Amino acid sequence: MELRDGGFTALVQVAGIPPAEKRRVVERLPSEAPVNRLIEKNITRVPFSGCWLWTKSVVRGYGRASRGVKFAYAHRVAYEDYVGPIPKGLWVLHRCDVPSCCNPAHLFLGTPKDNTADSMAKGRHKAPPRRSYWKLTDQQRSEIVVKFNAGVPAVDLAAEYGVHKSRVHQLNRAAKAENK
Ligand SMILES: [Zn+2]
């Protein structure tokens, strides 16, 4: 099948996505499918994980997209545009556990209860980080550096991860030094 967005096709092949799910995502992308510029313009693709990190403003870790004058979560916009309408009362959840990810192949529908069960299972059910001494995981450290280098302002990352903005710069310097 000829797809307009070569990059997307590649990401659909991400390991760990059930074949049925892949098929569903691919089916939504015939050549005449509208390509969502809003999502595509505002994400950075993470190698290996295949996550599409939202690089615009973020609220409690989730990408914030504006659709007209309405507030919308970026991952929900991505789901609607690439997969289909979200039935009332259902949430769009992340199988990759990265709230700001907008890759439709990483998203699935569930109830708020599913979300709690899922987060318990993944061990991320804890209060959102608020204080500067809150410890970052390795995954979060690399996310911060990737997003910072994709142009997300340090002050936004600081708010998203609950750290001081100087910590963002410090992580970036450390990453650069490591790659020398
Ligand atoms: Zn993802």
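Predicted model: local features only at pLDDT ≥ 70, side-chain atom pairs only at ≥ 80, totals over all residues.
**Overall picture**

The protein chain has 180 residues, and 29% of them count as buried. Its secondary structure consists of eight helices and seven strands. Take the contacts between residues at least 6 apart in sequence: 55% of these join residues at least 24 apart.

The largest nonpolar core holds 22 residues. Leu53, Ala74, Ala78 and Cys102 have the most contacts inside this core. Which elements give two or more residues to the core? They are β2 (52-54), α4 (74-82) and β6 (91-94). Helix α4 supplies the largest share, five residues.

Setting aside neighbours within four places in sequence, Ala78 is in contact with Ile39, Cys102, Pro104 and Leu107. There is also a second, separate core, made of eight residues. Among them are Ile144, Val145, Val152 and Leu171.

Ile39 sits in helix α3, which covers residues 37-41. Is Ile39 buried or exposed? Ile39 counts as buried, because 21 C-beta neighbours lie inside 10 Å, and the cut-off for buried is 20 or more. Leaving out neighbours within four places in sequence, Ile39 is in contact with Ala74, Val77, Ala78, Asp81 and Cys102. Ala74 is 35 residues away from Ile39 in sequence. In space, their C-alpha atoms are 7.4 Å apart.

Two packed helices are described by the angle between their axes and the distance between the axes. The table gives both values for each pair.

| Helix pair | Angle between axes | Distance between axes |
|---|---|---|
| α6 (138-149) and α7 (154-161) | about 155° | 10 Å |
| α6 and α8 (165-178) | roughly 90° | within 9 Å |
| α7 and α8 | about 105° | 8 Å |

Start with α6 and α7, which pack at an angle of about 155°. That angle makes α6 roughly antiparallel to α7. The crossing of α6 past α7 is right-handed. On the α6 side, the contact uses Gln140, Ile144, Lys147 and Phe148. On the α7 side, it uses Ala154, Leu157 and Tyr161. By class, this contact has five nonpolar, one polar and one charged residues.

Next come α6 and α8, whose axes cross at roughly 90°. So α6 is roughly perpendicular to α8. Helix α6 brings Arg141, Ile144, Val145 and Phe148 to the contact. Helix α8 brings Val168, Leu171, Asn172 and Ala175. These residues divide into six nonpolar, one polar and one charged.

The last pair is α7 and α8, with an angle of about 105°. These two helices are therefore roughly perpendicular to each other. Ala154, Val155, Leu157 and Ala158 of α7 meet Lys165, Val168 and His169 of α8. The classes here are five nonpolar, one polar and one charged.

**Glu160, a buried residue in α7**

Glu160 is found in helix α7. How many other C-beta atoms lie within 10 Å of Glu160? There are 25, so Glu160 is buried. Beyond neighbours within four places in sequence, Glu160 is in contact with Val58 and Gly61. Glu160 and Tyr62 are 98 residues apart in sequence. Their C-alpha atoms are 8.5 Å apart in space.

**Two residues with positive phi**

Most residues other than glycine have a negative phi. Phe48 has a phi near 70°, a positive value. Where is Phe48 placed? Phe48 is in the loop between β1 (43-45) and β2. Phe48 is exposed, because 7 other C-beta atoms lie within 10 Å, and the cut-off for exposed is 12 or fewer.

Asp97 also has a positive phi, near 65°. Asp97 lies in the loop between β6 and β7 (107-110). With 15 C-beta neighbours inside 10 Å, Asp97 counts as partly exposed.

Definitions and conventions:
Residues numbered from 1 in each chain as written. Helix = DSSP H or I, 4+ residues; strand = E, 2+ residues; numbered from the N terminus. Contact = placed C-beta atoms within 7 Å. Core = buried A, V, L, I, M, F, W, Y, C linked by C-beta atoms within 7 Å. Axes fitted to C-alpha atoms, helices over the stretch in contact; angles between N-to-C directions. Parallel < 35°, antiparallel > 145°, perpendicular 65-115°, else oblique. Left-handed = near helix turned anticlockwise from the far one by under 90°. Nonpolar A, V, L, I, M, F, W, Y, C, P; charged D, E, K, R; others polar.
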